[in-house]
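Subject: Structure for your review

Dear colleague,

Please find the structure below, handed over for your work.

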Amino acid sequence: MKDLTPDPKSLDPIEIASRDEITALQRDRLKWSLRHAYDNVPHYRASFDAAAVHPDDLTDLSDLARFPLTTKQDLRANYPFGMFSVPRDQVARIHASSGTTGQPTVVGYTQRDLDTWGNVVARSLRAAGLRPGDLLHNAYGYGLFTGGLGIHLGADALGLTTVPVSGGMTPRQVRLITDFQPKGITVTPSYALSVLDAFRADGLDPRDSSLQVGIFGAEPWTNAMRAEIEEAFDMHAVDIYGLSEVMGPGVSMECVETKDGLHIWEDHFFPEIINPETGEPVADGEMGELVFTSLTKEAFPIIRYRTRDLTRLLPGTARSMRRMEKVTGRSDDMIILRGVNVFPTQIEECLLATPGFAPHFQIELTRAGRMDAMTIHCEGTGDSTALANRIKQSLGVTVSVTTGPTGTVERSQGKAVRILDRR
């Protein structure tokens, strides 16, 4: 793989600023964001008043912990535009979740918000090793989902040449990569595996493709999956993080030169880690649930939003800003099987460590009487007993494993559906 380390001179000054400079900027912007939310969003005025806190109470960053948390349920309760803080005619764009598990969550952006979003995504793409003029194959979905259009904003801001292919039509993805010769691809890691299958189905060696870096996000994935993709494509695989409630892709980014966690763009997003059960903050370095507060958003400020993603905060390395450890699970994706906590990424690690299996799988949960059961559906010629034993030894749960030929497990066209709960 080629060295894609960015030229230090190309970085934004804030990326390599001192911690004192970053903290001072955050404090000023946080005061503004709290006041903006309190003055313009009835939900925040009511929740702050109920908690007996006021924006003027913040004199230090640690004071933020006194303010109430925001949940997805709060956003749904204010559907569609109740959380907007500017008049509707000042909103330049609206995105929304799919709403498959409840009322959709709706987010809005002023033109300035879109400019900010483009800038943080451009910073992220540069950290991944892309340069102005490079060709980017953008296979994130375009539409209400923030992935495709968010990446496109940043690609435009960085000066890339973008192929807005979106998701689906996998054979065409391979043809366009082969014909157009992009340097980078943005895609969910699960769909990257589908693209990999399509390369091989066409008799093409993915290592011969032009791709030098893959930028993967929108779902948890493991370092074992990173190694699988990097070996298959002979390219760098780096992680990008975001969620529509906070902005979209580009909230944090892994730097290609270190691949040691995702640097949070702390000049725009203030991170905390809380105990997911008590809601109390934990110290940097401790595992817990990630919480974000926006520092510069105009149309849709978000205060102490519970992401449900599990990670920990670490000091900066390639950049001054703090890192978040790679997210490998969500508190709401956790499976409790006969009293044992299991995450899909733990199953993925066991699968990839067992010879003979393809990296495609689904977890089926069933219940016979009062007893829950888990079946892992996967593909390949590996020893199903060996995989079941590895899961038992690693996670302490007994599972059944079924294997089938290529195509047995439904392929993702975007975010992977890992859990089929039949209980």
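Is Asp-372 buried or exposed? In this predicted model, Asp-372 has a relative accessible area of 11%, so the residue is buried, the limit being under 20%. Its salt-bridge partner is Arg-367, with 2.6 Å between the closest N and O atoms. Arg-367, at 48% relative accessibility, counts as partly exposed.

Salt bridges

The structure holds 35 salt bridges. Those that share partners join Asp-12, Glu-15, Arg-123, Arg-126, Glu-257, Asp-267 and Arg-319 into one network.

Two further pairs may be of interest. Arg-308 and Glu-289 form a salt bridge whose closest N and O atoms are 3.7 Å apart. This pair links distant parts of the chain, since Arg-308 belongs to strand β12 (residues 305-311) and Glu-289 to strand β11 (residues 288-294), 19 residues apart. Glu-289 is buried, with a relative accessible area of 0%, whereas Arg-308 is partly exposed at 28%.

The side chains of Arg-175 and Asp-179 also meet in a salt bridge, at 3.4 Å from N to O. Both residues lie in helix α6 (residues 170-180), where four residues, about one turn of the helix, separate them. Arg-175 is exposed, its relative accessible area being 60%, and Asp-179 counts as partly exposed at 47%.

Aromatic pairs

A search of the whole structure finds nine aromatic pairs. One of them is formed by Phe-199 and Phe-233: the ring centres are 5.9 Å apart and the planes stand at 90 degrees, so the pair is edge-to-face.

Phe-216 is buried at a relative accessible area of 0%, and Trp-221 is buried at 1%.

Charges over rings

The ring of Trp-221 also has the charged end of Lys-326 sitting over it, 3.3 Å from the ring centre. The charged end of Arg-123, a member of the salt-bridge network, sits over the ring of Trp-265, 5.0 Å from its centre.

With kind regards

Terms used: Residues numbered from 1 in each chain as written. Predicted model: local features only at pLDDT ≥ 70, side-chain atom pairs only at ≥ 80, totals over all residues. Heavy atoms only, no water. Phe/Tyr/Trp six-rings, centres within 6.5 Å; stacked < 30°, edge-to-face > 60°. Buried < 20%, exposed > 50% of the residue type's maximum accessible area, 1.4 Å probe, protein only. Lys NZ or Arg CZ within 6 Å of the ring centre and 35° of its normal. Salt bridge = Lys/Arg side-chain N within 4 Å of Asp/Glu carboxyl O. Helix = DSSP H or I, 4+ residues; strand = E, 2+ residues; numbered from the N terminus.
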